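Here is a short briefing to read alongside the model.

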Amino acid sequence: MWKGDYSFLIRQLVIKDFKIRYRNMSLGIFWALLNPLIMVVLFSFIFKQVFPSSIPHFSLYILSGLIPFNFFTAAWLGATTSLMDNAGLIKKVPVPREVIPVTAVLGNLVHLGIQFLLILAAVFYEGLSVNFHWPWLIVIWGLELVFIFGISLATSSLNVLVRDIRYVVESINLILFWLVPIFYTFDMIPMAYKDLYQYNPVAALVLATRKVILDGQAPPLNLMLKLASVAIVSLLVGESIFRHLKPRFYRYL
Amino acid sequence: MSIISLENVSIIFRQRRDRMLLLDHLREVVRKMPQDGFYALHDVGFKVERGESVGIIGANGAGKSTLLSLLAGLVPPDKGAVRVEGRVGALLELCSGFHPDLTGRENLLMNAALLGLDEKTARERSQSIIDFSELAPFIDEPLRTYSSGMYLRLGFSVAIHAEIDILLIDEILTVGDLAFQKKCFDHILGLRKAAKTLVCVSHVPGVLEQLCDRLVWLHHGQLIRDGEFDRVSADYLAFMADPNRHFGDEIPQAPRQVVPVKEKEPHARVVPRRRRR
């Protein structure tokens, strides 16, 4: 059995991913900022000039929806293919397998950190400021991470056995883009769906983040309870699927 | 107590002809029929004591690398029991755990982490690792510029600086030049004095001669001989020179095939339908 320093191992693997992604890029981490910037400019143009929108603090509104959504999709898809991308490690290095999808998710957390600077910039640009509800963001994002670890453990291990899973994940991400309030507001959702809508952890993440950043309020308790319960169920199910499929990885990779 | 013990271990590799579609998995689940397969290892059992140094020899496809993967805990056995006590360090492939775009120094730290070292120890030992590898002038170059000998030097140097009890080496020491090979051999002999255990694989007994005093000979997944180096080595070489004359009836001609019987295999337990209840 592998005995060792998990935190050192995970840090080394995350640093590796980060370095190899940007080492040979002339513009380096600027690329992490470019995508959300382009989207904000595009959305701002469309929803100010084409379909005028009455949402206040529009650029911050878009960023606080888009950045969490982008993080979710990139982390989930990256983790789903991570076991296959690291087949060399799985087959030749006796390292705990769970570490691989977890690392893929955490690697995207680094990008989120960089992109969060954009949100911070937009907060000041819109004349808002950091309020004392911001520590809630840590709880919200912590629960979201737990949720992502869970689904990633499930899809990464299933993807080793059935390679179609990554396309399933891509399709779900496409659907989610429209089921998360990125450029429309939660108020526009018909009453009948509102309750169900909040069980979507990505939507819950965006709603709670906005509550804190834009409204300067603590996230509603029932929303947080939904997020927490979905996160815990996801982790339990994902971990159990991973544990059952783990012995097969060697033969299928 | 033995540090490694294998009892009647079998590993079956399915012959799925590259098919791993949802339909195939469902068929397997519904019918619970094991697909065609062969025994990569069949009913293998031996023990290794602490401080022993064992060589595994055999022709291509004998199951040598599968056996090492099994000892490293990379693949679970389908039948039988494996017990490995203590920390295992595995050098199964030259570039496993390395990334070509990272420098030697960065790869060194990552490998130390993969082998289970903590950060403080890894940083303290990194100079001594670089010294042993003799790669100091190139240590900040990306690994893609390294030759295979340099890969070996780095990988081996990290492995011997990790706190491991059992070192598994697969056929890779041969890419080092004679001087480095001698250095490795000397170090391994030192490890043996420190009661570390070594398991080495090769298809040429000559390579293992200085390292091992015991040989295990595998053929088509079955254990043919297990004993004193010179005796097993002589038998093996005689067999390889002329397979028919010496051992015609006691050595399998082909890997044993799995007969699809409806028995409950360990990995049939993963059937999701049962779990859901």
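In which sense do strand 6 and strand 7 of chain B pair, and over how many bridges? Strand 6 (residues 166–170) and strand 7 (residues 197–202) of chain B run parallel, with five bridges between them. Strands are DSSP E runs of at least two residues and helices are H or I runs of at least four, both numbered from the N terminus; two strands pair if DSSP finds at least two bridges between them.

Please keep in mind that this is a predicted model, where local features need pLDDT of at least 70, side-chain atom pairs count only at pLDDT 80 or more, and totals for chains, interfaces and linings use all residues. Residues are numbered from 1 along each chain as its sequence is written, chains are lettered from A and ligands numbered from 1 in the order in which they are written, and side-chain values use heavy atoms, with hydrogens and water left out.

**Where the chains meet**

- Chain A brings 33 residues into contact with 39 residues of chain B, contact meaning heavy atoms within 4.5 Å.
- About 3,300 Å² is buried between chain A and chain B, and carbon and sulfur atoms give 59% of that area. Buried area is the accessible area (1.4 Å probe) that two parts lose on being put together, summed over both.
- Between chain A and chain B there are 10 residue pairs in polar contact, both residues being at pLDDT 80 or more. Such a contact is a pair of N or O atoms within 3.5 Å; within protein, one must be able to donate a hydrogen and the other to accept it, and residues adjacent in sequence count only if both atoms are side-chain atoms.
- On the side of chain A that touches chain B, two or more residues each come from helix 1 (6–22), helix 5 (87–92), helix 7 (135–161), helix 11 (221–245) and helix 12 (249–252) of chain A.
- Helix 1 of chain A gives the most to that side, with eight residues.

**Salt bridges**

- Over all chains the count is 24 salt bridges, each a side-chain nitrogen of Lys or Arg within 4 Å of a carboxyl oxygen of Asp or Glu.
- Four salt bridges fall between chain A and chain B.
- One salt bridge links B:Asp78 with A:Arg251, at 3.1 Å from N to O.
- B:Glu106 and A:Arg23 form a salt bridge, with their closest N and O atoms 2.9 Å apart. This pair joins two chains, because B:Glu106 lies in helix 3 (residues 104–114) of chain B and A:Arg23 in the loop between helix 1 and helix 2 (30–50) of chain A.

**The six-strand sheet of chain B**

- This open sheet has the strand order 5-6-7-3-8-9 and mixed pairing.
- Strand 5 (88–91) and strand 9 (222–228) of chain B stand at the edges with a single partner strand each, so one side of each has no neighbour in the sheet.
- B:Leu168 stands opposite B:Val199 of strand 7.
- Strand 8 (residues 214–219) and strand 9 of chain B pair antiparallel over six bridges, and B:Arg214 has B:Glu228 of strand 9 as its bridge partner.
- Two residues lie between the strands in the hairpin of strand 8 and strand 9 of chain B, where B:His220 takes a positive phi near 45°.

**The three-strand sheet of chain B**

- The order in this open sheet is 2-1-4, with antiparallel pairing.
- Strand 2 (37–48) and strand 4 (79–84) of chain B are the edge strands, each pairing on one side only.
- Strand 1 (residues 4–14) and strand 2 of chain B are joined by eight bridges, and B:Ile11 has B:Leu41 of strand 2 as its bridge partner.
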